[in-house]
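Please look over the model below. The report goes from a helix contact to one residue within it, then to the whole chain.

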Amino acid sequence: MTVLSWIILGLLAGAIAKVLLPGRDPGGLIGTTLIGIAGAFVGGWISAHWLDHPITRDFYDGATWAAATGGSFVLLVLYRLLFGNSRD
């Protein structure tokens with residue numbers, strides 16, 4: 001997959017993570033989108049290096065989507081824990 005594919009996957013994975021973890025985000029829509037993109041990269045890296053499941057070149061691979069969504073979810077939770085009260 002190209003970098004552009006990972007960015008698109010990150011946008012979608014960030015949206016899925018947002019649906020799984022509703023509520024106000026400290027960074028709003030733009031912050032959540034950037035977290036989704038970063039989460040896709042982090043999830044793919046963890047999947048490839050630590051879980052011994054290399055990322056395929058297929059955009060529609062379920063494991064790739066799960067890794068990207070999981071990475072986005074984890075980063076969104078960490079972001080809320082660190083900066084959760086900044087918009088109150």
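## Helix 1 against helix 3

Contact here means heavy atoms within 4.5 Å. The model is predicted. In helix 1, W6, L9, L12, A13, G14, I16, A17, K18 and L20 take part. They meet T64, W65, A68, T69, S72, F73, L76 and R80 of helix 3. By type, the residues of this contact divide into eleven nonpolar, four polar and two charged.

Two packed helices are described by the angle between their axes and the distance between the axes. Helix 1 spans residues 3-20. Its axis and that of helix 3 are 8 Å apart, at an angle of about 60 degrees. That angle makes helix 1 oblique to helix 3. The crossing of the two is right-handed.

S72 belongs to helix 3, residues 62-83. Is S72 buried or exposed? The relative accessible area of S72 is 1%. Buried means under 20%, so S72 counts as buried.

Leaving out residues up to four places away in sequence, S72 touches A13, G14, A17, I35, G36, G39 and A40.

## The whole protein

The protein has three helices and zero strands. Along the sequence the pattern is α-α-α. Of the 88 residues, 34% are buried.

Which share of the contacts with a separation of 6 or more joins residues 24 or more positions apart? The share is 78%.

Technical notes:
Residues numbered from 1 in each chain as written. Predicted model: local features only at pLDDT ≥ 70, side-chain atom pairs only at ≥ 80, totals over all residues. Heavy atoms only, no water. Helix = DSSP H or I, 4+ residues; strand = E, 2+ residues; numbered from the N terminus. Buried < 20%, exposed > 50% of the residue type's maximum accessible area, 1.4 Å probe, protein only. Axes fitted to C-alpha atoms, helices over the stretch in contact; angles between N-to-C directions. Parallel < 35°, antiparallel > 145°, perpendicular 65-115°, else oblique. Left-handed = near helix turned anticlockwise from the far one by under 90°. Nonpolar A, V, L, I, M, F, W, Y, C, P; charged D, E, K, R; others polar.
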